[in-house]
Amino acid sequence: MSVTYNSETKTFMLQGKNLCYSFWINDLGYPEHLYLGASVGNDDLRFTRTYGATSTAATPPGIDNVNSYNAFPSELSFFGTGDYREPAVQIVTPQGDRLCELLFDSYEIVPAKPKITGMPSLDGGETLILHLKDKINGFAADLYYTVYDDCSVICRRAVYKNCGSADVRLERAYSFTLALPDRDYDMISLYGVWAKERHIDRIPLHHGVVSIDSKRTSSSATLNPFIALLRRDTTEFYGEAIGVNLVYSSSYVLKAEVNPDGTSQITGGINDFDFNWNLAPGEVFETPDVVISYSDTGLGGMSRAFHDAYREHLINRRYVKASRPLLINNWEATYFNFDVPKLCAIADAVNGLGIDTLVLDDGWFGKRDNDYSGLGDWVVNDKKLQGGVKAISDYVHSIGMKFGLWFEPEMVSEDSDLYRAHPDWAIGTPDRKHCYSRHQFMLDLTRREVRDYIVKSVSDIIENNGVDYVKWDYNRNVTESWTYSLEPERQMEFAHRYALGLYDICERIVNGHPDIFFEGCSAGGARFDPAIMHYFPQIWTSDDTDAEERTKIQFGTSLVYPLSVMSCHVSVCPNHQTGRTTPFDTRAIIAHLGATGYELDTTKFTDEEKAAVKLQTAEYKKIERLILDGDLYRIDSPFEKGFFTEAVVAKDKSFAELVCYRRFVSVNNEVRRVKMVGLDPEAYYCLEEKNIKAKGSTFMNVGFSPDYPHGDFSAVKYHFTRI
Ligand code: GLA
C-alpha cells in the first residue's frame, strides 16, 4: 500500500492490493482523474488523456480558449462553472449564489485513516487528504482516499467546510465522484421488499443518469446502498467489476451517468432529496465513507474484496471472527403466545443438541400481546412471564445455555405508557395525524432526551436480566419527517440527523456493553448496510425462512456482504411465509451458509429430528471457521438456473465446503457436473464424502456429479480436506 505524489508531474498515485488509483492536478488546478484499475507501475499516466467533443462548452470562469471543466474526468464534480454533469456538491450563499469552483489548494498524507465524527467508518492506514477550495466564497472540500494491503478496495469520502465569513446552505453533499473511461458497462443493483430482500437487477448503462436511492430515512430493502458496474462480458469469474457501497443507514442516492463524450461517472452519498444543511462559518459537514472495490476476476472477486474489507476494517474486531451463538429463537415457534414454562421447554428440548442460546423475541415487555401496543415500554411484563425475564435467563443459564432478548428501541406504540407521557417524542408534524406502519410510530432520535430515554431503558433491562445477546429490530420507516428539535428552515436536516442519532444510541448501547453480542434486524433484512454491520456483526437476513427463497436472498446479499453477517435460521414446514415444504436437511444446509440458528417449536421435535439437529450443528461447528473467515465462490446462480451452488474455501486453502442445491427433480435428469473452485491447484485433497483423493486442479477442472437427494428442493454438501 502506498500513496505518492510526484511534484513534477503533479500526479497522485495510490497503490492498493491488486488495484491502482491515479489522478493529477491539471494546469487549471482541477483534480483530473486518470485511472482506477488493476495494479500498474508507478508511472505518469497523463498520456492516457483524451478529451471528446466539447461543443457548446463553457470555459472555466474568466479564461478563454481552454478546455471546459466538463471535459475532464472528475474527482469531484461541482456546479455552476461549466461542469454540467451530476455535481457532487451544491451550495447556496446568503446572496443566493450557488456557484462553486473547488480547485486544488494543498494535500496531506496521514499514516492512519481519520475517523468520521458521529458516524461509523472503516479503519485503515495511509490516507491521502486532498484540500480543495473555492477562492471566492471560501467554501472548501477535503477528499479522503485510503487504500489497503489486504483488500482490493479504496475508501473515499468528502468533508465540506465553510471557511468563509457567512453561512452557507448545503443543498447537496455527496461523498465522491468516480470517473470511468467509457460507457461500456452494465449496472447491477440489489432491489427488494419485505421477505424478498436483495434480488439482483442488471441493466446496461445508457446516455443520461441511472439512479437508485432511498427516501425512507433507512437504507431499506427497496434498494441496497450498492451498485456495481461490470463490463458487458463480465461474469461471476471473469472480467472487470467495480462495486460501490455506502457506509450509511439513512436516505441515500447513487447515480451512474454517461456523459456526452462517451465517458461516465458514478457519484452519490446522502440523498439530497429532502435534504439541506446549514453550515455556519468554521463548521464542517462530514459525509459517509464509500467503499469502492475493483476486481478483474469478475463479480466473485468484487464480492471477496468487500468481504475482506468489512471483516478486516469495519466489523467489531472482538466478534467478527469469533464463534457465534448457535441459537433457538421463539418467534416462529410461539409468536406472542408464550409463558415461562413454554420458553423453558423450548430450551430444554434442544439442550445437548449443539444449540447454545435461547433468544426470546418480541412480546416480553409492557402490554404486548400483539403488534398494536407496548413498544417503548421496556419494562418486563411480569403477568405474562411469572418471575420475569430473569426467571427464563436464570433457567437457561442453569442448563448451560446463553440468553438473548429482542428490542425495537427506535419505536413507540400509540397504545403505550411512553406515548401517553410523551406524544411529541414520536416523529411527526404537530398539526397532522401520523401514518401508521405495523401499527406503530417512530421515536425522534434527533432529540437528546429521547435518545437518553432509549439508552437508559434498554441498558437497565440488559444489565439486570442476565442478557448475553440482543436482537435489535427496526420494523418501519419514517413518515412526516419533522422534529421539534430543529428550526423551520433546518427541518430538511432531519434524515441525516436521524442517522447520527441512531449511531449515537448504538455507540452508547452496543459499544457500552462490549460483553453482549448484538444482532441487527429490520422487518427481516431491510436495514442491511455496512454502517449497521459496524455495530452488529450479524444481521437477520430476511423474515422469509423458506430454503428455496433463501437461496436467492442469500446469493444476492453475498454480492456485497460476508456470510458471517447473514443471520439464517432453520424453520418449520410447511414454511410460514410460503407454505412450501422442503426437506429438513436442505433447510439446514442453506441456513448453515451464514450465522445460524433454529426458529421453530422444538418441543414438537421427534427423536429423529433431534438426532438430525445434533448432527447438523456438529457439522456446522466443523465448518464455522469457513463461514467466519473463508473465501466465497458462487458457482450457480438461482436467479439464472434451477441450481444454487456455492463453495467456501479456507484462506489457507486447507479445507473447503461445496454446497449443491437443486430446485426441481425431473425423471431421467440430465447429467450435471460441478467444478470445484478456489482450491490450491497443486495441493492434494480428499473429497471426504466420496473418499476420492486427487489434486486441487483435478477437482477444479474435471469436476464431478453431485448426488442430489431424490425429490424437489434437495441439497447436498461436500468437504475437501488438504492431505
Ligand atoms: C420482525 C423481525 C422478526 C421478529 C418480529 C417480531 O418482523 O424481522 O424476526 O423479530 O419482527 O415482531
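## A buried aromatic pair

Phenylalanine 226 and phenylalanine 306 are both buried, a term that stands for under 20% relative accessible area, with exposed meaning over 50% and partly exposed what lies in between (1.4 Å probe, protein chains only). The model is a predicted one, in which local features need pLDDT of at least 70 and side-chain atom pairs count only at pLDDT 80 or more, while totals for chains, interfaces and linings use all residues. Residues are numbered from 1 along each chain as its sequence is written, and side-chain values use heavy atoms, with hydrogens and water left out.

## Aromatic pairs and charges over rings

Across the whole structure, a search finds 45 aromatic pairs, where rings of Phe, Tyr and Trp (its six-membered ring) pair if their centres lie within 6.5 Å, and planes under 30 degrees apart count as stacked, over 60 as edge-to-face and the rest as tilted. The rings of phenylalanine 226 and phenylalanine 306 have centres 6.1 Å apart and planes at 75°, so this pair is edge-to-face. Because phenylalanine 226 lies in strand β14 (residues 223–231) and phenylalanine 306 in helix α1 (residues 298–313), the pair ties together parts that are 80 residues apart in sequence; helices (H or I, at least four residues) and strands (E, at least two) are DSSP runs, numbered from the N terminus.

Elsewhere, ring pairs link Tyr5, Phe12, Tyr21, Phe23, Tyr107 and Tyr145 into a cluster. The charged end of arginine 46 sits over the ring of tryptophan 24, at 5.1 Å from its centre, the criterion being NZ of Lys or CZ of Arg within 6 Å of the ring centre and within 35 degrees of the ring normal. Lysine 384 lies over the face of phenylalanine 338, 4.4 Å from the ring centre.

## Salt bridges

The search of the whole structure finds 54 salt bridges, each a side-chain nitrogen of Lys or Arg within 4 Å of a carboxyl oxygen of Asp or Glu. Glutamate 86 forms a salt bridge with arginine 172, with the closest N and O atoms 2.8 Å apart. This pair links distant parts of the chain, arginine 172 being in strand β10 (residues 168–180) and glutamate 86 in the loop between β4 (31–37) and β5 (89–92), 86 residues apart; both residues are buried. Glutamate 86 also forms a salt bridge with lysine 255, at 2.7 Å between the closest N and O atoms, and lysine 255 lies in strand β16 (residues 252–258), 169 residues apart from glutamate 86.
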